[in-house]
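This report is meant for a reader who is meeting the structure for the first time. Please keep the sequence and the 3D view open while reading.

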Amino acid sequence: MKTVYNPERSEWTILLRRPTQTVENIENTVNEIFNDVKRQGDQAILKYTQLFDGAQLSDLIVSQEEIESASNNVSDELKTAIKTAKANIERFHKAQKTDRISIETSNGIECWQEKRPIQKVGLYIPGGTAPLFSTVLMLAVPAQISGCKEIVLCSPPNNKGEIANEILYTAQLCGVTKILKVGGIQAIAGLTFGTESMPQVYKIFGPGNQFVTVAKQLATKFGVAIDMPAGPSELLVVADDAANPSYVASDLLSQAEHGSDSQVILVSTSEQLVEAVKEEVQKQILALPRREMAQNAIDNSKLIYVESKEVALDMINEYAPEHFIICTNDDDFYVNNIANAGSVFIGNYTPESAGDYASGTNHTLPTNGFSKAYSGVNLDSFNKSITFQKISAEGILNIGNTIELMAEAEGLQAHKNAVTLRLKDLK
């Protein structure tokens, strides 16, 4: 990891740049695959699945027999762990339910708001080097709580044409209605346009690599909503002498092992801690099975020393991390003043891994600085808020003249007439 001491503010943008390709570098590929899937449907999906995943499939849909076989091959211990995590995630997301909001804004004018589930949602579950069955929990649980009618899951198969047993077990546990063996750009394109096998959905959820992220952004041009731009994983830790260096190093490595394009950053007001963490990272990385991948991410990462917590906070808000760990002598300063972060973890005993799996919060979060404007996935992500209003004769008499004056001032005569006709009948 590169160590940087007291960088000038003018250098922050370059210093904190993510190790990702620009959209322009991959947009042509995404457009080409989208156009192909739109024209040729399943045929294009199968072609790209063979090209990118090395799987020659005859059917994209996972059968009930495959789901049952996969479930039988998941150990009882892991099933228990998955159910424990599911219970905590359910508990946290059910608590996010809100009641109907109703108010009489003026005499005779009743306005209210109610939540309605998005009927058809697509869940993208990364496979590849780490089949993320935990993401099935994070997406399917709130979708089921919200009452989404169609919950379609896509995940890339291995070269044998199979999806990880854990993903299939968790999907059926959480009420997924259809599972498809398709990943990458072609999965997002299929969910966007619909094919012979893939239903078209209204909103697409889930993290992915840079290609998936750009594909999701392109999907919005065709009327499909997305949860957020969620690309390669990232973590920023702010720590000082109150932190345990081995814990900090373990947290940095836990995100680094996601992939070569992940990024981890330590910001500290303690030079001693910076050096201790650097040593611990090099020591702990040697024992990791995914050492090479983690090392590539570590090579793109930074240890940054700054002189004060105020400067540290400014830098963190500028970076806007996906995951933010706080372990300092003044945790409250950061907790109370952080403006831009996807999810926050506080203290020596709150590893980011807890949020990834089982504490209850959602791990599908905005990356690449998008936490400046986006929230992580939550129950509201699977709902729409619909407003209603009912106006009585008394109500239209009370507000009618206001509407007429405003409509006339905007030059919209038909708007005014819609009120005037009613007022005449009431007088």
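In which loop is alanine 320 found? Alanine 320 is found in the loop between α13 (309-319) and β12, where helices (H or I, at least four residues) and strands (E, at least two) are DSSP runs, numbered from the N terminus.

The model is a predicted one, in which local features need pLDDT of at least 70 and side-chain atom pairs count only at pLDDT 80 or more, while totals for chains, interfaces and linings use all residues. Residues are numbered from 1 along each chain as its sequence is written, and side-chain values use heavy atoms, with hydrogens and water left out.

**The chain as a whole**

The secondary structure of the protein chain comes to 17 helices and 14 strands, and its C-alpha trace spans about 85 × 60 × 45 Å along the principal axes. Of the 427 residues, 49% count as buried, where buried means under 20% relative accessible area, exposed over 50%, and partly exposed in between (1.4 Å probe, protein chains only). Taking contact to mean heavy atoms within 4.5 Å, residues 24 or more positions apart account for 74% of the contacts with a separation of 6 or more.

| Residue | Phi | Relative accessibility |
|---|---|---|
| Asparagine 6 | about 45 degrees | 34%, partly exposed |
| Alanine 320 | near 55 degrees | 0%, buried |

Asparagine 6 lies in the loop between β1 (2-5) and α1 (12-15), and its phi is positive although it is not a glycine. Asparagine 6 counts as partly exposed because its relative accessibility is 34%. Alanine 320 also has a positive phi in a residue other than glycine, and it counts as buried because its relative accessible area is 0%.

**Pocket and cavity**

On a 1 Å grid over the protein atoms alone, a cavity is a set of points where a 1.4 Å probe fits but cannot get out, and a pocket is an open set with protein on both sides within 12 Å along at least five of seven lines; lining residues have an atom within 4 Å of a point. Grid points are joined across faces, edges and corners, and a volume is the space filled by probe spheres set on the points.

The largest pocket holds about 1,100 Å³ of space. Its lining consists of 47 residues, of which Pro126, Gly127, Ala130, Leu132 and His258 are the closest to its centre. Among the elements that give two or more residues to this lining are α3 (42-53), α6 (133-146) and α10 (245-256).

A search of the whole structure finds 1 cavity of 30 Å³ or more, and the largest cavity has about 50 Å³ of space. Its lining is made of Val237, Tyr247, Val248, Asp251, Ile325, Cys327, Gly347 and Asn348.

**Valine 277**

Valine 277 is found in helix α11 (residues 271-285), and it counts as buried because its relative accessibility is 0%. Leaving aside neighbours within four places in sequence, valine 277 is in contact with Pro245, Val248, Ala249, Leu252, Leu266 and Leu303. Of these, Val248 also lines the largest cavity. Valine 277 and arginine 9 are 268 residues apart in sequence, and their C-alpha atoms are 24 Å apart in space.
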